[in-house]
Amino acid sequence: MSTFRLEIVTPEHKVYEKDVNMVVVKGVSGELGIMPNHIPLVTPLKVAPVKAKIGNDNEFIAVHGGFMEVRKDKVVILAEAAELGNDIDVSRARLAKERAERRLAQKQADMNAQRAELALRRAIARLETVDDMK
Ligand code: ATP
């Protein structure tokens, strides 16, 4: 089975770098499965789990937005933050989710609603990534 190099990079570090058979991402206009020799493209990503297929194994990475660039020789995902499924602290994500939900429930017409919404989405993506690993 042929492979291509997948890199997931944040401003702080390279989170993932492996030869994979396929990567499945949530683009802003829907799910995209990228196989070797895909035509080059750039797409913004949703805050969501990314699935990398290697043989019969699936690996999951929480990717918080950013872009995917499909190049001739590799696929690069650039995001503000990303975590390997195994590195996700589930209780931290649960607490972050509850905190964001509490803030949103207060329904104050304040500027922080959008911030809470984004924090909620990140926490949900982390919890979904851990669930996908099961
Ligand atoms: P929190 O409120 O718990 O800090 P957050 O969504 O505000 O969550 P971010 O600003 O997205 O956190 O991330 C800050 C740093 O912490 C990043 O390096 C990110 O990868 C890491 N991080 C955040 N939440 C978790 C988690 N639940 N498990 C592992 N790493 C996390």
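The lining of the second largest pocket in this predicted model comprises 6 nonpolar, 3 polar and 3 charged residues. The volume of this pocket is about 150 Å³. Its lining consists of Val-15, Tyr-16, Glu-17, Lys-18, Asn-58, Glu-59, Phe-60, Ile-61, Leu-84, Gly-85, Asn-86 and Met-133. Two strands, β2 and β7, each contribute at least two residues to that lining.

Strand β2 belongs to an open sheet of 5 strands, ordered β2-β1-β9-β8-β5 and mixed in its pairing. Because β2 (14-20) and β5 (41-44) each have a single partner strand, they stand at the edges, and one side of each is left without a neighbour in the sheet. On average, neighbouring strands here are turned by 10 degrees against each other, direction ignored.

Strand β7 belongs to another open sheet of 5 strands, in the order β4-β3-β6-β7-β10, and its pairing is antiparallel. Here β4 (30-34) and β10 (82-84) are the edge strands, each pairing on one side only. The twist from one strand to the next averages 20 degrees. Inside the sheet, β3 (residues 22-27) pairs with β6 (residues 47-54) in the antiparallel sense over 3 bridges, and Val-23 stands opposite Ala-52 in β6. Helix α2 (residues 113-132) lies across β6, β7 (57-64) and β10, and runs at about 175 degrees to β7.

The loop between β4 and β5 contains Asn-37. Most residues other than glycine have a negative phi. Asn-37, by contrast, has a positive phi, near 65 degrees. The relative accessibility of Asn-37 is 77%, so this residue counts as exposed, the threshold being over 50%.

Helix α2 also takes part in the largest pocket, whose lining receives two or more residues from each of α1 (90-105) and α2. The volume of the largest pocket is about 470 Å³. Its lining has 18 residues, and those nearest the centre are Arg-92, Ala-96, Arg-99, Arg-122 and Arg-126. Helix α1 gives the most to this lining, with 7 residues. By class, the lining of the largest pocket divides into 8 nonpolar, 1 polar and 9 charged residues.

How values were computed. Residues are numbered from 1 along each chain as its sequence is written. This is a predicted model: local features need pLDDT of at least 70, side-chain atom pairs count only at pLDDT 80 or more; totals for chains, interfaces and linings use all residues. Side-chain values use heavy atoms; hydrogens and water are left out. Two strands pair if DSSP finds at least two bridges between them. Helices (H or I, at least four residues) and strands (E, at least two) are DSSP runs, numbered from the N terminus. Axes are lines fitted to C-alpha atoms, for helices over the stretch in contact, and angles run from 0 to 180 degrees between N-to-C directions. Contact means heavy atoms within 4.5 Å. Buried means under 20% relative accessible area, exposed over 50%, partly exposed in between (1.4 Å probe, protein chains only). On a 1 Å grid over the protein atoms alone, a cavity is a set of points where a 1.4 Å probe fits but cannot get out, and a pocket is an open set with protein on both sides within 12 Å along at least five of seven lines; lining residues have an atom within 4 Å of a point. Grid points are joined across faces, edges and corners, and a volume is the space filled by probe spheres set on the points. Ala, Val, Leu, Ile, Met, Phe, Trp, Tyr, Cys and Pro count as nonpolar, Asp, Glu, Lys and Arg as charged, and the others, Gly among them, as polar.
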